[in-house]
Structures are given as structure tokens and as C-alpha cells.
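Biologist: I am new to this structure. Please take me through it one feature at a time, with the general idea ahead of each case.

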Amino acid sequence: MLLDVRDLRKSFPAADGPVTILDGVSLSLDAGETMALSGESGSGKSTLLHIVAGLEPADSGSVEINGVDLKGLGDAPRARLRRETIGVVFQQFNLIPSLDVAANIAFQARLAKRHDLDWTRELTVKLGLAEHVAKYPEQLSGGQQQRVAIGRAIAAKPPLVLADEPTGNLDEATGDAVFDLLLALARDTGAGLLIVTHSQRLAARADRQMHLSHGRVTA
Amino acid sequence: MTRTVLSALLSHWRRRPFQFVTLILGLALATALWSGVQAINAEARKSYGDAASVLGGGGLSELVATNGGPIAPETYVALRRAGWLVSPVIDGWLPGDPGRVRLLGMDPLTAPRDGAARDAIFNSGASGFLGADGVLLAAPATAERLAGLGDRIRVVDGLAPGIAFADLASAAALLEVDGYSRLLLLPDQPLIQQPLAAIARDLIVEKPATADDLGRLTDSFHLNLTAFGLLSFAVGLFIVNGAVGLAFEQRRPVFRTLRALGVTSAQLVALLTIELLIFAIIAGAIGIALGYVIAAALLPDVAATLRGLYGASVEGTLTLSPLWWASGIAIAVLGTALASATGLWRVARLQPLAAAQPRAWAMASDRSMRAQLGLAVLCLLIAVAAGVFGGSLQSGFVLLGGLLLAAALALPSVLSALVSVAARLSRGVVTEWFWADTRQQLPGLSLALMALLLALAANIGVGTMVESFRLTFTGWLDQRLASELYVTAEDDAQVPALLAYLEPRTDAILPIWSVEREVLGAPGEIFGVVDHPTYRENWPMLSAAPDVWDRLAAGDGALVNEQLARREGLSVGDDITMPGGWVISVLGVYSDYGNPLRQVIIPNAVLVMRYPEAERRDFGLRLPRSDVDDLKRDLVEEFGLHEDNMVDQAAIKAFSLSIFERTFAVTGALNVLTLAVAGIAILTSLLTLASMRLPQLAPVWALGMTRRTLGRIELIRALVLAALTFVLSIPVGLALAWVLLAVINVEAFGWRLPMYLFPADWLRLGGLSLIAAALAGLWPARRLATRPPADLIRVFAHER
């Protein structure tokens, strides 16, 4: 199993007592499988994704990626796991503004020492960015920036790709195209894809769907 | 409404206390360094003024004896009877006092009415003052140096430093003199008087050495201090400009909302101006207090320099006037206005729907960098024009300022080009990202780096000047001070016996006779020399006619010092009109470092003939070094010579070098302070940028780089930028040194020094700048390395 999440719990302190964000969430994902995670705002989708990505610790429960339990991993091993095993696509793109498109796409692959120039070129063409490789993020449209972010997440061919509302900042047509691209590339590389989305229409295109409400899995 | 809007504006600072501290600190430091220097200058000028007014203003002419000797009391009486309103003065140095206190004997009944000393006498009761056993009046610090005189000293506030006042009879007894040193010519003389020549043929009217002379001599020194104060002020303003600019950008949403709610653009600008005015007054007050501390710390060195170099007496303690406080606040307000002008202008033009762009502010466009480069070229052109067409001290400072400003303005573009080259040459993803990210950060850090460049260039420039001066000065002293022992007879009567005694015990006796006169309209001194190999072998000539010493010995001409030659455009072969109206041609020009006066050397026989009043009690003695101590001891036993009247070569060298060291201790201290301010500028910039950098750093962290690595990279970035700035500061500093040595020094002091390079000093400074950058970068780097992941994750939740 690529990803195994068990009984995950997370709460945040607030003025009138702790607020529970995740309340015993469990899920699993195999390699090459796609799962859409939906839910209303504040349901805990992004927090779940951040915990799975090793960006944030859980209060309790476990997350195993390729058999490695994230609990107990220090800062450096977690960073290494993110570098080599996980690709992340953020809603806000979060590209590196000082690097051009080509460098942004290759960035994580090079960090993970898995840079394959031919594959990166092929990926750039598939993403429709071949004409824009020398441009900087600020010179691109929102859709183009998100495609760069997808390229960056896929370039290292990580076993697990996490996408946090990748179409949330895009118009419907562009969002559809980006979503399809992400699914296609994940399948091409055999990566497991966990994708957070508001849209039921887009969620239906994934292999499996999961719905979160008030920190619990409801479907 | 005003209170509500002002409260909304001020709330920004409550939420960002560090930014507030940065702003106040920058402004306070800028004000402190400026007002500290001004306090020192004001104190020195006050002392000159006090000294000039002790006997009723410095503008009074005097009657002096043509032979330089005392004026008989009978002559004085004759003049008064003939209707000449004159007041006698006895002037001399109290013997045996290490601090050299000058004693002025005066007649309180005839002294000028506006004299500070006369007022002090009558205010403190004149009865105890009169007579041979009368009291001496002195300022508190001077009185401390005269403790040996016991209860004869009366402390009077406000008197000139370094001078004691006594009745004529008392002064005559203490100085052991007969007659008066000079007679002051009081204002409002009768219209009809007997001619002076008919009463006293041996007296002439002479203008005294006034505060104007002293001011002229010391102006250059004070101008140098002012220039340093201004440089430090400019460096401090870089911090203020950065803090105000960022605060304005961060508050754009508030400004926009206020405009949308009905606040006019003019009201908004007015309220922001009030806010800044409040800050300027707070920071100004702190800065003035700091400036007082700086001035109090530096003043003793400055006082020692002025006393040693120019003979100017300056109190070692500060008395601060309300004007100084007011000017400190004014400079703080002016600085704030300068640093905020652009921000206020933008607010005045702000559209209610304009978006906030704090990150865009920190990452100014290439276009603005190009505009800055254009401005740099303009400054350089102005500097070059000032250098080519100037020819004055002021144009020298325009050259200096233009050069520094051009270098500072061009720095971001040059660094950007260097970083781009490094990015192209680099291999490896982290290195590539490092350079690309560094280039993007440059505009945000440019003000701090410009401040660092200015501080480093000033250090290298001034350091090169001081070390070149030290090297030249030491070599010059070795040449110039060839005699092993310098002896001054107690009085003229002692001279023949002294010479007869010294004749068999020395290899040579070289008279050092001189007279102080105005030379071509400025204070100067005329020395006489005898023909001796000591001069031929050692005198530091810069240019000379063939057979210069033979021709000098034959009375064919004179030697002039470099400062006289440069100021009057003299060269070998030119004629100069000497005091008394006679003309002599220039045979040679010699270097005379450290002397603010013009100097002419003529044969001793000519000096005695032309100026019979010349002092003739000083001699340089050539003898084996091993005999010096024995001779000194014997002279004490045989003639009762005081220790002060015998100075050996080593002691003079040590004294000269100590004056030199103290002179440059002040500039050294200002150098260090400027560097410290630049270090603070880097720290504040890094800390300010740190919060805005999160959106750029969080993705890199999310993609697999640890916070610790990111922190380390941030620290390395600060070090790399400081190192590059340091390397660039070397040519700027050397250009600055050249301007100081070849332009400013020549205009200010009249001598030009050769320039030497001191790479070891640069390395030390480079190390210091790296330490400063490391200290400045450590805190932000550590903050990043230990930043909670939640802060970084927030970046992905919503764009800042």
C-alpha cells in the first residue's frame, strides 16, 4: 500500500477551547490510484493533506507512506521524504518567483537528484508550456502557473502526488483542463494521487471519492 | 475625525513594534552622529570666541615693540599723557606647568569695557585682584591645573579655557618680567593724537592674532568632522527610508479604505506628516541624548588635537546651548522629511482602489534600478566637473560626495550583474536557486547594502589617508628632526654663557630663531638657518633650484613650505614680498606636514637683520646620542635650566606622533560608529524582509529543504552580499582616499601626501564587515530555522 492513514486526529487551540479539525480520519491509497477528497470549507481537507505531506504533525493516529511511518521522523528525514516521495500541488501555485518556468519545473526533481532532462522536456510539452520555459511566474496566467506547479510535482516521478484544490483559483474551462492533465500525468507515471476539490463534477473523474465533514469521513 | 484617523494610522505601529523600533533607532542614530559632531564643533568655536573676547574682543589692534621685547612702563605713561587710549598687557606662559596655562596680566581700570575678564574681575570683587599678591582668575578646568598656587586661584565660570588672569603686578611677579608685552589700542581713540613715532619710536601698530585667524586655521579640521557627521547622518537615513517606505506600502489597504470612507488625500498626507513629526521629535530627543554621549566621549581627543596642532585651547567638557538642542530636533525633522518625501508623494497620488504591494515594494523593478543607475552617472559627472573645474575645499567635498553617492546608487545594478553572472556559472539546483533568489532580494536589501558600501568605503578611504599620512609623517619627522637635543635658554641674557658652555661639548649648535608674521596675508612664521650639513643632508625638499643650499647661504633666496607654495601658487624662481616689504626669490619648496602656518626659511643673518625682534633663545644641538642625557643633566646643574627647556629628539617625535594619533582617533571612532550603523541597517532590513520572504521560502521548504538549511542559506546570503559589497568598496574607498590626499588635504591644509596601499588593513576590514553581516544575519536566519511549520503552512492556505 502506498499510503495508509489511520485514525488521524488534529485540533487547534482557540479562544473558547480547542477546535477539532480531524476527528479519526482513516484512508488508504495504492500506487496508480486516484482519490478525490471533497468537503465544505473548514472540513479539514487541507489539514489532512498537510499532515500526509509531512508539513504538519498530527495529534494522534498514523500516516505511513510506502511503509514509512511519519510519526517520529525528524525535520531532516521528513524533508527528505517530501523531496523524494511526494509531489505537492498547491491552490495558490506557490512557484518560486526568482526562477523561470524550466527551473521551476525541474526544481524538485533536481533536489531529489532525479532530474531527467528528456522527461522534463516531454513534460513541458505535455503541459503546453514549451513556449514559456524562459518566462518567470509573474509573466504567466493563472492556468499556466498551475500547470508549472503540476509539472514541478510530477517531474521527479514521485510515488505520491498530493493536490490541494489545484483548480480553486482557475475558471471552469481552465480548471477542467488542469484537472484532466493532472489525472493523466499521475496515471502516466504510476503515481498515487490524492486530490482535494470542492467540485463534485471533478471529483467524479477520480477512481475513488471521499467526503469529509466536520473532520470525519462521511462517504 | 482627525483623532479617529490618526488612531487608525498609529495602530499599524502597535502591531509592528519592531518596525517602529527600527524607524526610531535609525533616525536617532542619524541624529546622534550628526548632533555629536555639531556639539564638538560648537564647543570648539565657543572656546575660540571666549579666547578672543577675554580682553575686549579679538578685533583690537595692539602696540608692540619692534624688537619684540617688553614695553617700558614709562612709554605707556607717555602714551596715555599724549592722549593715546591704551591698556597694558603682560602675556606669558606660567613656568613649570605641564598643561601650559597662559597668564594674562591686565589693568582692570583701563582694560576694554566689553572684555569677559574685566567683567569677571568686577563681578567677583576687584579688591583681592590688585597688587603683586592678588588672586588669579581662571575657568574651573584651568583652575584645577593651577592647584599648586593654592588659594590665590579664584574660579570663575565662563572664562576662556587655558588662560589665567591676574593684575599686572601679580603677572609681572609670576612671570618674572619687567615691562609690558603689548598695549591694547582701545576703540574710540581721540580724533587728534600725537603721532606714535613722536612718542615711542620703537613701537608699531599690529593686528593681533584673532579668533578669525584661529577659526581660519581650524576650519578645515571642523569641516572634516562635519563631513563625517553628514556621512553618518546619510547612512542613518537609509534605515529610516527603508522603514518608512515599507510601512507606507503595508498600510496601503488602510489608506485606501480611509480614502473610500471620505478622507481626502490632503487630510491623509497631513495626518501622516503629523505622525512622522511626532516620531521625528521622539527620535530626535533620543538622538540628541546619544549625540551628547558621543560628543562627551570624543571631545577630549578633539581638544587635545586642537591644542597640539593649532595651539587652540578648548574646554574638555561640554556646555550645551538651547540652540544645539533645537538644531538636533530640526535635523531629525529634516531627515524624516527627506526619507519620507517619496512615500508621502505616493500617498498623495494614491487612488482609492489601488492595491497594496509590499512585496512589489521590496522587489523594485529593473526599471527603477536602471533609473538609479542613471542618477549614479549624473552624480559621477557632477563629481568629475567639481574635480576638474573646482579648485576649492567646497568643490573638493562636492567631488567627494558625488563620488560616494554615485557609487552607492550604482551598487544595486552592479551587484545584480555580478549575481547574474554567478547564477549563470553555478551548477546545482540549490546554488542556482540561491543566486536567483539573491538577485530578487537585492532591491529590498539595496538601501542597507548602500549604507554598508558607504561605511566601508569611508573606512578604506580614511584608513588609507591616515596610514599614508603616518608613513610619510614618520619618515618626514626622521628627516626634519635631525638634531639630537633642542634647548631653549631661560632668557636672552643666558644665551651667550649657554653657547660658550655648549661649544666644546657638541658637534654643532644650530640656531632655531624665528619670528611670527603675516606672510602674504595669512599667519606665518619666518625661520633663520645657518649653513650646515644637517640641513643639506636631511631637509625634506619637494622641489629646489640647483645648488639650493649654497645659494641660500649666500642670501640669494628663501625656502618656503609646501602649504605657502600651494596657496600662493609659488614655485622655484618666483619672488615673494616678505613682511616689511622686501622681496626675495624662492629657491626651494619643502614638505612641512602638520603645520597649519605658512613658513619661510631665510639665512640666519638675514633674519637678524630684517627682524631684530626675532626670538633667539632656541637651538638645535648635534652631538652623539649617548651624550644627550649627560648634557641635559649638566645643563640643569650649571644653568638651572628647566626640564621643559630641553627636549630630546625622541621626545619631540613621540609628542608629534601622539598629536597625530589623537587627531585621527576622532575620525577612527566616527568610522567605527558609521560601520555599526550600517550593520544595524543590514539587520533591520533582513528582519523586515524576513516576514515578507515567507511566501518565497515556504514552497522550497515544502519541496524538501529543511528549515535549518533555509536558515543557513539566508545567513550565507547575507555574508555573500556583504563580501561582494566589501570587494566593490575597495575601489570606491581608494578613490575616496585619492580625493582626500590629493584634493581635500591640499585645499584644507596645503600639503599633498603620497598615497600608499595597505591590503592587510583591507583584509581586516573585510573580516570585520563579514562579522557585522554575520551578526546581522544570524538572528533572522535563526528565526527562520526555528520557525514553526504552522507559519509556513499558512502561506499555502492564503497568499500573503
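Modeller: I begin with a term: a salt bridge is a side-chain nitrogen of Lys or Arg within 4 Å of a carboxyl oxygen of Asp or Glu. This is a predicted model, in which local features need pLDDT of at least 70 and side-chain atom pairs count only at pLDDT 80 or more, while totals for chains, interfaces and linings use all residues. Residues are numbered from 1 along each chain as its sequence is written, chains are lettered from A and ligands numbered from 1 in the order in which they are written, and side-chain values use heavy atoms, with hydrogens and water left out.

Biologist: How many salt bridges does the rule find across the interface of chain B and chain A?

Modeller: The rule finds 2 there. A salt bridge links the side chains of Glu432(B) and Arg110(A), at 2.7 Å from N to O.

Biologist: Which elements of chain B give two or more residues to the side that touches chain A?

Modeller: Helices and strands here are DSSP runs (H or I, at least four residues, for helices; E, at least two, for strands), numbered from the N terminus. The elements in question are H15 (429-480), H22 (649-702) and H25 (789-797) of chain B. H15(B) gives the most, with 7 residues.

Biologist: What classes of residue make up that side of chain B?

Modeller: Ala, Val, Leu, Ile, Met, Phe, Trp, Tyr, Cys and Pro count as nonpolar, Asp, Glu, Lys and Arg as charged, and the others, Gly among them, as polar. The side of chain B that touches chain A has 15 nonpolar, 6 polar and 5 charged residues.

Biologist: How is the extent of the interface read?

Modeller: By contact, 26 residues of chain B meet 20 residues of chain A. By area, about 2300 Å² is buried between the two chains, and carbon and sulfur atoms give 62% of this. Of the area that chain B buries against chain A, 30% is supplied by Val429(B), Leu703(B) and Phe796(B), more than any other three residues.

Biologist: Is helix H3 of chain A mostly covered or uncovered?

Modeller: A residue is buried under 20% relative accessible area, exposed over 50%, and partly exposed in between (1.4 Å probe, protein chains only). H3(A), residues 101-111, is mostly covered, with 9 of its 11 residues buried. Among them are Val101(A), Ile105(A), Phe107(A) and Leu111(A). Just after H3(A), Lys113(A) has a positive phi of about 55°.

Biologist: Why does Gly588(B) count as buried?

Modeller: Gly588(B) counts as buried because its relative accessibility is 0%. This residue is in strand S16 (residues 583-590) of chain B. Leaving out residues up to four places away in sequence, Gly588(B) touches several others, including Met541(B), Ala558(B) and Val572(B). Gly588(B) and Val572(B) lie 16 residues apart in sequence, with 5.6 Å between their C-alpha atoms.

Biologist: Where is Asp4(A) found, and what does its side chain join?

Modeller: Asp4(A) is in strand S1 (residues 3-12) of chain A. Asp4(A) is buried, at a relative accessible area of 13%. A polar contact is a pair of N or O atoms within 3.5 Å; within protein, one must be able to donate a hydrogen and the other to accept it, and residues adjacent in sequence count only if both atoms are side-chain atoms. Such a contact, of 2.9 Å, joins the side chains of Asp4(A) and Arg6(A).

Technical notes:
Contact = heavy atoms within 4.5 Å. Buried area = accessible area lost by both parts, 1.4 Å probe.
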